[in-house]
Amino acid sequence: MPKMKTKSGAKKRFKITASGKVKFKQSNARHRLLSRPNSMKRKARGTDIMCDADERLVKTYMPYARKCKNKKTTKKEEA
């Protein structure tokens, strides 16, 4: 079976956190900022966590992304 491809647009826009949630950059922070209220500009700073319904779709675009933090094992646990 061939390898699945990651959508290149998704890998540029989203990151998977260690707990398996999808992190993304807020929109409305690039241009035409003079016409936007200060509250909107403040809310658009930084990153946010995606809701569960949209998260499922994005994870299908990134098949080899990190799954969950709990599955990692150390060398001591393996022995």
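**Entry 1: salt bridges**

I started with charge pairs in this predicted model, and my search turned up one salt bridge. The pair is Glu55 with Lys59, and their closest N and O atoms are 3.3 Å apart. I then checked where the two partners sit. Both belong to helix α3, four residues apart, which is about one turn of the helix.

Lys59 reaches 32% relative accessibility, so I noted Lys59 as partly exposed.

**Entry 2: around Glu55**

I stayed with Glu55 and noted the extent of its helix, α3, as residues 52-61. Which residues does Glu55 touch, not counting those up to four places away in sequence? My list reads Gly20, Lys21, Val22 and Met50.

Asp52 is in helix α3 as well. With a relative accessible area of 53%, Asp52 is over the 50% limit and therefore exposed.

**Entry 3: the overall layout**

Time to step back and look at the chain. I counted four helices and three strands. Read from the N terminus, their order is α-β-β-α-β-α-α. The chain has 79 residues, and 15% of them are buried. I put its accessible surface at about 7200 Å², with carbon and sulfur atoms holding 53% of that.

I looked at contact range too. Taking contacts between residues at least 6 apart in sequence, I found that 62% join residues at least 24 apart.

**Entry 4: the sheet**

The three strands form an open sheet in the order β1-β2-β3, and the pairing is antiparallel. The edges belong to β1 (14-16) and β3 (47-49); each has a single partner strand, so one side of each is left without a neighbour in the sheet. On average, neighbouring strands here are turned by 30° against each other, direction ignored. As a reminder to myself, strands of a sheet pair through backbone hydrogen bonds, either parallel or antiparallel.

I went through the bridges pair by pair:

- β1 and β2 are joined in the antiparallel sense by three bridges, and Ile16 has Val22 as its bridge partner in β2.
- β2 (residues 22-25) and β3 are also antiparallel, over three bridges.
- Lys25 has Thr47 as its bridge partner in β3, and Lys23 stands opposite Ile49 in β3.

**Entry 5: positive phi**

Which residue takes a positive phi in the hairpin of β1 and β2? I found Gly20 there, with phi near 95°, in a hairpin that has five residues between the strands. Gly20 had already come up, as one of the residues that Glu55 touches.

Most residues other than glycine have a negative phi, and most peptide bonds are trans. With that in mind I made a note of two residues that are not glycines. Asn28 has a positive phi of about 65°, and Arg32 has one of about 55°. Asn28 lies in the loop between β2 and α2 (38-43), and Arg32 is found in the loop between β2 and α2 too. For accessibility, I have Asn28 down as partly exposed, with a relative accessible area of 39%. Arg32 comes out at 60% and counts as exposed.

**Entry 6: the nonpolar core**

Which residues make up the largest nonpolar core? I listed eight: Ala10, Phe14, Ile16, Val22, Met50, Val58, Met62 and Ala65. In soluble globular proteins, nonpolar side chains tend to be buried together.

Val58 got a closer look. Leaving aside neighbours within four places in sequence, Val58 is in contact with Phe14, Val22 and Met50. Val22 and Met50 are also among the residues touched by Glu55. Val22 ties several of my notes together: this residue belongs to the core, is the bridge partner of Ile16 and is in contact with Val58.

Notes:
Residues numbered from 1 in each chain as written. Predicted model: local features only at pLDDT ≥ 70, side-chain atom pairs only at ≥ 80, totals over all residues. Heavy atoms only, no water. Helix = DSSP H or I, 4+ residues; strand = E, 2+ residues; numbered from the N terminus. Buried < 20%, exposed > 50% of the residue type's maximum accessible area, 1.4 Å probe, protein only. Contact = heavy atoms within 4.5 Å. Areas by Shrake-Rupley, 256 points an atom, 1.4 Å probe, with all protein chains shown as cover. Core = buried A, V, L, I, M, F, W, Y, C linked by side-chain atoms within 4.5 Å. Pairing = 2+ DSSP bridges. Axes fitted to C-alpha atoms, helices over the stretch in contact; angles between N-to-C directions. Salt bridge = Lys/Arg side-chain N within 4 Å of Asp/Glu carboxyl O.
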